[in-house]
Amino acid sequence: MLKVNKTLVANRAKKTFNRNSQRSCGFLFFPLFIALLLGFSVASFAQHTITGRVIDENSEPLTYAHVVLLAPVDSTLKYFDVADDQGIYEIKNIKSGDYLLQFSFVTKETIYEPITIPVKNQDLGDKILKTTSTEEVVVTAEYVPIAVKSDTLEFNAKAFKTKPDAVVEDLLKKIPGVEVDKSGNVKAMGEDVEQVLVDGKEFFGKDTKVAIKNLSAKAVDKVQIYDKKSEEAQFTGIDDGVRQRTIDFLLNEDHKKGYFGRLEAGGGAGDETHYKVGGKVYRFSTRLQSAFLGNVNNINDFGYAREDQKEWGRQVEGLNTTGAGGLNLSYNVDKYNRYFASYLGSYTTTDVERTFTSTNFLQRGDYTQDEHQQQDARSMPHKINFGVRHKFNRNHNLTVDGNVHAISDESELYRFTTTTMADSLVNTLDQFNETDNELASADVKAVYIAKIRDDKTQVQTTFGGNYSRNKSVLVWRDEITTKADSAGIFYQSQENMTDHNRLSITPTLIQKLSPLWILNTSLNLSSFGNTLSRDQEIIEGHRDPFMPLYPDFSTAEQVISPSVSLRRNSNKHQFNFSLGGRWNQFDKDVGDSFIVDEHYFYLLPGFSYENFHKKGRRISFRYNTSIGMPSAQQLYPVTNTANALSLYTGNLDLTPEERHNAHFSYWMFDYFSFTSLYASMNAGYTKNKISTSQFTNEELIKITTPVNTPYHYFASGYVSFSTPIRAFGLKINTWLHENWNKGITRIDGRENVQTNLTHTLDLNIENRKKEIWDVRLGGRVSLTDATFSIASDDARYVNTSTYTDIRYTPTDKWNFEIEASVVNYDDNSFAEVVDIPVLNARIDYYVKGEKMSIALWANDLLNQNIGFRRFSAANYLMQQEWTTIGRYVMMSVNWRIGS
């Protein structure tokens, strides 16, 4: 059983858990929820309905025609519906008042009619939309809020009212079919958004959050959502089945003239003084796209170069002071040729304390390990993305994409670890270490395509390259006490250097056998190189002083991989059958000695199928096989003693993993109701899985070695569902995630079969009309079952959370926001229940015609937030705690630049 160690939190953050007050916080959500439901219900009794049919000149129904009620004052969207396959629409729950009724359809004229609700007859009859003449004048002031264009869903940003200083993240939250979670991850029409573009161009590489959290909502004219084909498929006209759910922000003309942006400065107080200063400046035109971002703060805002905050609700570790900046440039020489590059970088200092408590299962019994850490760290990540899109002519095209990363980290870490078994102290470790780590990497991919024989035959050549170097220097002092020996103090230093390089070329012949059938044949030639070198010195204090010799270790791999695939593409179906082969020559060298020259051959079959059986419906299935080679670190046959209680030795006899994976998914999006459903199943089997073998000696010092095990199985299921409840003006979002895996580790020479099964359910309700109120109420529950064949007891634990987000914007001058949550960790398999309540609030006031705003916000008003995590792995259960920023109140001024 694990025992919660709150000493860290009590001493560092001066926080205590008052369960009565925490439970009362949880109870606050219930009456608020009931009040909101009653408010929505009462409001619905005073609302009305209109219906009718939209047809063309030939009395044919116009499916997907949009019928919208606009506010007469500013033409913002109030109510809408989309005509069904009979051309029929129905708008319900309309409040009494004056509106502008709009009928629109692509290629048809748009009609506006004033209307007063209620009407005498709610059936408005047929509305005929005539075909637009090419000589007609285009009325640019029209607000067509939603348009379905082929495979693209387009929204007019002006039809959705946002607060004056809103960014596009705020705009996306108002758009039907789009969901944005707390971490800024976006789902559109039920699927994860993988790419964000601005005017069809890359914006800060593939980091989707930079655009949505920084670009002004007022700069956006249209929001387009679609599945983007690969660059190669767009040029060749041959669908390769590659899709990326994409959001493209099309800017309005006012923001393509001169500069615009915002400046922000603020300060506040909590346990210490806090501050934030930042700015963003943009300039867009037909050819040039440029952006500059800057930010300095000590409120745990990492800026733009940190990528590990993707998990919903993930807690930031420690107290962080950050300076960050970014630059994005994109230039179009003409319609087809574009060159772009971006830079993101930051400097962060971190002060954090952590505790780790684990129960470890052995055949001879269980033992407990408690560790306390204090760390001061500095990190400087930098990344550059660049690319080229160059079309020489209709028959020749070149695309280039590249990345350069550089990271410099320094750290001073103190740790104290105690190990006990049957309430008896077995060992202690008192360690202080200093680390200096430098990582540099670069990779590039270039694809050249040539069309011949009237596009029926095409030659595609892909070039790839990668290089990385990682240098780390570690200096540490150990003071170890064990049952068998008194305390000994040792001073050591270690330097590790790893190099990795890869070069590859893949020529591919693409042959159209018929309008529907395509044959692809390719040959991949690759060369991989890995080198690991280590120097270690015993400075003083060792019982038997010596200088260990660590030979250099390297691997060289040559790969020849031919493949052939047969694809059938139609408007509704896509089949792809593939068969590949892989010859590997794998060489290993230790020092000056050539150890082994290994050869492998594998057959790699694959199959995929997609069925677009109806608009907004897609079924897909995919099966593929792959090979996983052991890394240099896993092979290096020398013991790493950096952690005296956990030693690691590589294994030269490791063989490659053989991986099989199958994936099935169903996607549905109803353009009439904006109901979305995404369901997927994923299952896999790995033969010769690289796992671990652990031996724990009498002093409970763990020695770990990687080994091949016969199998590893995994399966997962995911369902995401979202639908409006128009009668109550609400929208329900829910998702369910099931995850199961079964694998083998070796514990003291015996096989330990570990099985993990996790069930996670999230359900939230929000209001649909978000002009004044934007309310979301929800909860999440996660149940984990873990079994270990060497342990007599199974592990089961439950984590639950409830959360509330409320925004109230009564006028153009004021904006109020509240975020509240309570996370609960039960005491199953652990010693006690832990509750963590969090309450944040914010007020915005806009002055000078929205040119300036003043914000006052409070973070962690209850001052009880901590970093906390529980999980199971291999043969142990672990609980982690860490300090994070506590309560503070801050005021800032935000000033708009340009239009």
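This is a predicted model: local features need pLDDT of at least 70, side-chain atom pairs count only at pLDDT 80 or more; totals for chains, interfaces and linings use all residues.
Started with Ser 872, which I found in strand β44 (residues 867–873); strands here are DSSP E runs of at least two residues and helices H or I runs of at least four, numbered from the N terminus. Residues are numbered from 1 along each chain as its sequence is written, and side-chain values use heavy atoms, with hydrogens and water left out.

Is Ser 872 buried or exposed? I get buried, at 13% relative accessible area (buried is under 20%, exposed over 50%, partly exposed in between; 1.4 Å probe, protein chains only). Its side chain makes a polar contact of 3.0 Å with that of Asn 756 (N or O atoms within 3.5 Å, one able to donate a hydrogen and the other to accept it; residues adjacent in sequence count only if both atoms are side-chain atoms). Skipping neighbours within four places in sequence, I listed the contacts of Ser 872, among them Gln 754, Thr 784, Phe 788 and Tyr 797 (heavy atoms within 4.5 Å).

Next, strand β46 (residues 888–897).

Then I checked its partners. β17 (residues 259–270) runs antiparallel to β46 with 10 bridges (pairing takes at least two DSSP bridges), and Gly 267 sits opposite Met 891. β43 (residues 852–859) is also antiparallel to β46, through eight bridges, with Ile 854 opposite Val 893.

Overall tally: six helices and 46 strands, with 50% of the 899 residues buried.
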